[in-house]
Amino acid sequence: MNAVGSTSKTQQCVLITGASSGIGLQLSLDYLQQGWKVYACGRDEQRLSQLTGAHQRVFDVNDAEAIAAQATALKEVEQVTFDLVILNAGTCEYINDPLHFDGQLFERVIQTNVISMGHCLAAFLPLIKAGGRVALMSSSAVYLPFPRAEAYGASKAAIQYLASSLLIDLKPHGIDVSVICPGFVKTPLTDKNDFAMPMQQTPEQASIAIRQGLAKGEQEIHFPRRFTLILKLFSLLPRGVWQKIMLRRKAADNR
Ligand SMILES: NC(=O)c1ccc[n+]([C@@H]2O[C@H](COP(=O)([O-])OP(=O)(O)OC[C@H]3O[C@@H](n4cnc5c(N)ncnc54)[C@H](OP(=O)(O)O)[C@@H]3O)[C@@H](O)[C@H]2O)c1
């Protein structure tokens with residue numbers, strides 16, 4: 001395997017959720033180009049159809065029954081097993097008015113980003129080969145608390161814990177776990193953001209970083225390093241220091 005997990009003699013097989021857009025779309029295109037068999041999942045059949053050569057699977061990650069049905073079909077009809085499963089589907093909504101905390105928004109984000117992962121793990125983990133890997137999409141938002149990110153940040157922090165714990169429990173079964181923590185990547189999800197996004201990368205750059213990290217067996221894939229290392233460094237400082245920085249940033253965003 002080369003640095004981004006390129007061709008070996010037997011065709012490798014990956015399942016990617018959230019493959020219809022942004023990072024998941026780019027990963028699907030790049031794995032296809034590398035000769036992998038790609039199972040590309042999303043809700044929108046039309047958007048998935050741009051992935052010529054991929055096996056398209058249409059389901060909502062919030063529909064546990066639909067996920068289980070997909071897994072049954074993959075096992076019993078297609079008899080496929082995976083070298084890699086990337087649980088990437090996700091959403092982002094912000095808490096704009098903390099005094100009128102939107103509980104339904106909070107539920108939507110936790111549901112789509114976290115609860116759905118439980119259902120995907122239940123369905124797809126049994127289809128991963130021994131020696132295979134599952135990768136969970138978190139975010140660099142977990143390194144420091146960002147304003148308005150109460151729902152999104154909490155969901156991604158939950159995923160980071162989930163991945164760390166799962167790593168210990170799956171090791172004896174020969175399945176590895178990676179957590180992916182991107183900085184800002186230009187996608188429809190971030191196009192909605194109304195604040196400065198330093199060191200934003202393209203989906204192509206994100207895909208390279210993710211595929212390289214997965215091919216090297218990294219447990220935590222974070223990029224761009226210049227951005228994530230700054231966040232990690234700040235997270236080591238006393239709370240008061242980064243709180244001041246975040247409050248300043250919030251004030252600047254409100255201007
Ligand atoms: N972009 C960034 O800067 C950034 C940074 C850190 C982490 N991330 C994470 O990376 C992942 C991908 O984000 P992105 O930036 O590529 O955003 P995106 O372009 O909006 O893609 C999100 C993907 O998730 C799918 N999805 C959302 N809700 C779904 C549901 N209920 N059921 C099935 N699929 C669903 C979407 O499918 P549909 O076509 O069906 O809507 C789409 O394919 C997310 O988990 C996000 O939190 C992104």
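**View A. Helix H6 and the shell around the ligand.** H6 gives the most to this shell, with three residues; helices here are DSSP runs (H or I, at least four residues), numbered from the N terminus. This is a predicted model, where local features need pLDDT of at least 70, side-chain atom pairs count only at pLDDT 80 or more, and totals for chains, interfaces and linings use all residues. Residues are numbered from 1 along each chain as its sequence is written, and side-chain values use heavy atoms, leaving out hydrogens and water.

**View B. Who sits around the ligand.** In total, 30 residues surround the ligand (a heavy atom within 4 Å). The closest are Ser20, Ser21, Tyr152, Val185 and Thr187.

**View C. Polar side chains facing the ligand.** Here are some polar contacts (N or O pairs within 3.5 Å). Serine 20 puts a polar side-chain atom 2.4 Å from a ligand oxygen, while a side-chain N or O of arginine 47 is 3.0 Å from a ligand oxygen. The protein covers 94% of the 880 Å² of accessible area that the ligand has on its own (Shrake-Rupley method, 1.4 Å probe).

View D. Nine of the 12 residues in H1 are buried, meaning under 20% relative accessible area (1.4 Å probe, protein chains only). Among them are Ile23, Leu25, Leu27 and Tyr31. After H1 comes glycine 35, with a positive phi near 95 degrees.

Notes:
A polar contact is a pair of N or O atoms within 3.5 Å; within protein, one must be able to donate a hydrogen and the other to accept it, and residues adjacent in sequence count only if both atoms are side-chain atoms. Helices (H or I, at least four residues) and strands (E, at least two) are DSSP runs, numbered from the N terminus. Buried means under 20% relative accessible area, exposed over 50%, partly exposed in between (1.4 Å probe, protein chains only).
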